[in-house]
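Biologist: Hello! I would like to learn how to read a structure, one feature at a time. Could you walk me through this one?

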Amino acid sequence: MRKSKIKFIITIIVLIVMLGTATGVIGYYSNWFTNWDKFKIFPNNSEPNTDNDNDSNSDIDSTGGAFLNLLTNNDLIFKTTKIPRSKFSANGIADTADSAYELTATIQPSIAENKNVVWSARWNNSASGWGATRDVNNYLIFNNLITKSGEKVIVTFLKDFGEQIIITASAESNNSINAICTVDYKKKVDFVQPCKLTGILDVALNLDSNGIYRVDYDSSKNYLMSLAVHPVYTTYTIDEDFSFSYVVKFTKDFNNNEQVLFEGDLLSNRFYFPHSYNEEKNTFLDVSMLSKDDFFKKALNCNTAKTGIIKVLVKWSNNVETLSSTFYIGYTSSSLQAVTGIDIDKGEIII
């Protein structure tokens, strides 16, 4: 037999042995080709989330500021998936909740006798000024405290919080086998509200039962006042910078075309709301009225429609999202209807 043929046969045998060895190794670590997790390469050993609505490492939702970040992964495969608000009802989550996640912890190896996973949460610093006086269980709930390996648990965050939360998934048989993730809350604008009308005199804005900010009409006062609007923020663990802008327009119940009155940067400008109708110019907010009586009828019509005279749309944004809030300003019905006047013919009376 030629030497070249012998070398060829030996090469084939070596290749077969190498292929068989590699197949055996891969089969062993993949639980005989049923589990490929050990062959995935991700930062912090966390799996990527392929759902477009979620991010397993960092997430923000326009309806909630809580987001999870995997901290350690000790002998457990840990996965987080954010639940969009559109699926809250289907998952038994209250509409009033801030945000919610599905968490999955898988115990390795698969032949472990006890496959129960125990879930718990605590403040990262329970001695901090904020966390020391609050129970973490008032800020989140698990739908189950014990799950099977690979079984999903839903954690619902009820409201904003000011101290980082630590969530731990531990093997019931040995709590040293665990995975830990941190939960932070990004600063959000809770709502915006007008402070008060300020000018020559200070006049407080009163919020009535149907959500309209109202002031009393007083024909004896005729001056302009700036309306200062400020945001009210949630509590948070991570600060955020926001920019604000506004649009002020008539409501359709006062002016059919919803004419824009002012718009601009809320931080550098203030818009003006006159306390009374300008009788000399026969205008309101510099917009011509047919008559003073026409103005009163339109203003009262807004109250009947349970809206205000003007609508204020405030927008705020950061580098992630843009949101908005709307409120209304008007006069009280009682003050409008209390306005009385009388006209008399100034002609000469001859008897």
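Modeller: Gladly, starting with burial. Of the 351 residues in the protein chain, 40% count as buried. Buried means under 20% relative accessible area, exposed over 50%, and partly exposed in between, with a 1.4 Å probe and protein chains only. This is a predicted model, in which local features need pLDDT of at least 70, side-chain atom pairs count only at pLDDT 80 or more, and totals for chains, interfaces and linings use all residues. Residues are numbered from 1 along each chain as its sequence is written, and side-chain values use heavy atoms, with hydrogens and water left out.

Biologist: How many helices and strands does the protein chain have?

Modeller: Both kinds of element are DSSP runs, numbered from the N terminus: helices are H or I with at least four residues, strands are E with at least two. Here the protein chain has 3 helices and 21 strands.

Biologist: And how do strands make a sheet?

Modeller: Strands of a sheet pair through backbone hydrogen bonds, either parallel or antiparallel. We call two strands paired if DSSP finds at least two bridges between them.

Biologist: How many bridges join strand 2 to strand 3?

Modeller: There are 7 bridges between strand 2 and strand 3 (residues 99-107), and these strands run antiparallel. Look for Leu-76, which stands opposite Ile-107 in strand 3.

Biologist: What is the pairing in the open sheet of 6 strands?

Modeller: That pairing is mixed, and the strand order is 12-13-21-20-15-16. Strand 12 (206-207) and strand 16 are the edge strands, each pairing on one side only. Further in, strand 15 and strand 20 (residues 310-317) pair in the antiparallel sense over 8 bridges. Val-247 has Leu-313 in strand 20 as its bridge partner.

Biologist: Could we zoom in on a single residue?

Modeller: Thr-147 counts as buried because its relative accessibility is 1%. A contact means heavy atoms within 4.5 Å. Leaving aside residues up to four places away in sequence, Thr-147 touches Lys-115, Asn-116, Val-117, Trp-119, Lys-152 and Val-153.

Biologist: What joins the side chains of Thr-147 and Trp-119?

Modeller: A polar contact of 2.9 Å joins them. The term covers a pair of N or O atoms within 3.5 Å; within protein, one must be able to donate a hydrogen and the other to accept it, and residues adjacent in sequence count only if both atoms are side-chain atoms. Thr-147 and Trp-119 are 28 residues apart along the chain, while their C-alpha atoms are separated by 8.1 Å.

Biologist: Is Asp-286 buried or exposed?

Modeller: Asp-286 counts as exposed because its relative accessibility is 71%. This residue is in the loop between strand 18 (283-284) and strand 19 (287-288), and has a positive phi of about 65° although it is not a glycine.

Biologist: How many disulfides does the structure hold?

Modeller: It holds 0 disulfides, a disulfide being a pair of cysteine sulfur atoms within 2.5 Å. As for individual cysteines, Cys-181 counts as buried, at 0% relative accessibility.
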